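User: I'm new to reading protein models. Could you walk me through a few features, step by step?

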Amino acid sequence: MWGIVPAAGRGSRIQPLAFSKELLPVGSRLEAGVERPCAVSEYLVERMIRGGADKICFVISPGKSDIMEYYGAGYGDASVAYVVQPQAAGLCDAIFRAAPLVGPDEPVLVGLPDTVWFPEGGLAALPDDRLAFLLFPVEHPEFFDAVVLDEADRVREIQVKSPLAASRWIWGAFKMPGRVLHELHALWSEPGRGDEYIGTLVNEYLARGGEAVGVRAGTSYVDVGTLNGYRAAIGLLADAAEAEGGIASGARVGLGRPAGRALEGLHDANRE
């Protein structure tokens, strides 16, 4: 199973940074009893691995070699690959850059690398055989993509950053068979489309007879792309650690570590 991580964005809402926003230190891991910082994107990668992914594809811009240096060839037991989005052209373009790697029968997970959410095993609740969105309740759905469901939890509409959002449930990640990824790519490639947002593309997919479901298995969701979001993520992780002791709760990264640049040079335990 593939996990696609669109990491080509500039991160303008939280600049200036001296590194890619996906490497922003949030939370920690324990290594041989020593607590070390971890990158915000590790929370998504770990959740993808918990959801069954054994291959992770980072979609990066030409200037984001630091992500390659950090993750290297793998994370825990998962292999890592990279594709390049030559210029910023929206989330859909970034996701479809990975499409040539995905076979029609392979399940695909997609999430946003500057988010922290719970429960950490939420992706396992999504079915393998259709487009399915992992949904989270939020107080201000107008800042996100609100998902409107029918009585059978089928997606009726995705309202992209609408001030009149009809649902407080937003999507935070999604899953689909590879064939659906390729169907969406073909639709997006039609003359006159080239959607920037997944929501508008999925709405057209539904209008043409496609199906999608929403799974309301999420409990909390934070976008770490702003300073307020960064503070909220720190608070969310602290609350999770207090509630569950930080053990296998997702409050601390624990499944693996990047196979790229050695961390010892960044944090020397002998100097503590």
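Analyst: We will go from the whole chain to single residues. Keep in mind that this is a predicted model.

User: Let's start with the whole chain. How many helices and strands does the protein chain have?

Analyst: The protein chain has six helices and 14 strands. Of its 272 residues, 53% count as buried. Among contacts with a separation of 6 or more, 71% join residues 24 or more positions apart. The chain exposes about 12,300 Å², and carbon and sulfur atoms supply 52% of that area.

User: Now the helices. At what angle do helix α4 and helix α5 pack?

Analyst: For a pair of helices, look at the angle and then at the spacing of the axes. Helix α4 covers residues 178–188 and helix α5 covers residues 198–207; they pack at an angle of about 100°, with axes 10 Å apart. Angles of 65 to 115 degrees count as roughly perpendicular, and α4 and α5 are therefore roughly perpendicular to each other.

User: Which residues of α4 and α5 meet?

Analyst: From α4 come V180, E183, L184, L187 and W188, and they meet L201, E204 and Y205 of α5. By class, this contact has six nonpolar, no polar and two charged residues.

User: Which residues of α4 are buried, and what covers them?

Analyst: The buried residues of α4 are G178, V180, L181, L184, L187 and W188. Their cover includes α5, along with β1, α3, β7, β9 and β12.

User: D145 takes us to strand β10. How many residues of β10 are buried?

Analyst: For a strand, check each face in turn. In β10, residues 145–149, five of the five residues are buried. D145, V147 and L149 lie on one side, while A146 and V148 lie on the other.

User: What about its partner, β11: how many bridges join it to β10, and do the two run parallel or antiparallel?

Analyst: β10 and β11 run antiparallel and are joined by five bridges. In this pairing, L149 stands opposite V155 of β11. The two strands form a hairpin with five residues between them.

User: How should I read the backbone angles in a loop?

Analyst: Most residues other than glycine have a negative phi, and most peptide bonds are trans. Exceptions are worth a look. D153, in the loop between β10 and β11, has a positive phi near 65°. At 27% relative accessibility, D153 counts as partly exposed. K161, in the loop between β11 and β12, has a positive phi near 45°, and with 45% relative accessibility it counts as partly exposed.

User: And which peptide bond is cis?

Analyst: The bond from F118 to P119 is cis, with omega near 5°. P119 sits in the loop between β8 and β9.

Notes: Residues are numbered from 1 along each chain as its sequence is written. This is a predicted model: local features need pLDDT of at least 70, side-chain atom pairs count only at pLDDT 80 or more; totals for chains, interfaces and linings use all residues. Side-chain values use heavy atoms; hydrogens and water are left out. Axes are lines fitted to C-alpha atoms, for helices over the stretch in contact, and angles run from 0 to 180 degrees between N-to-C directions. Helices (H or I, at least four residues) and strands (E, at least two) are DSSP runs, numbered from the N terminus. Angles under 35 degrees count as roughly parallel, over 145 as roughly antiparallel, 65 to 115 as roughly perpendicular and the rest as oblique. Contact means heavy atoms within 4.5 Å. Ala, Val, Leu, Ile, Met, Phe, Trp, Tyr, Cys and Pro count as nonpolar, Asp, Glu, Lys and Arg as charged, and the others, Gly among them, as polar. Buried means under 20% relative accessible area, exposed over 50%, partly exposed in between (1.4 Å probe, protein chains only). Two strands pair if DSSP finds at least two bridges between them. Accessible areas come from the Shrake-Rupley method with a 1.4 Å probe; for residues, only the protein chains shown count as cover.
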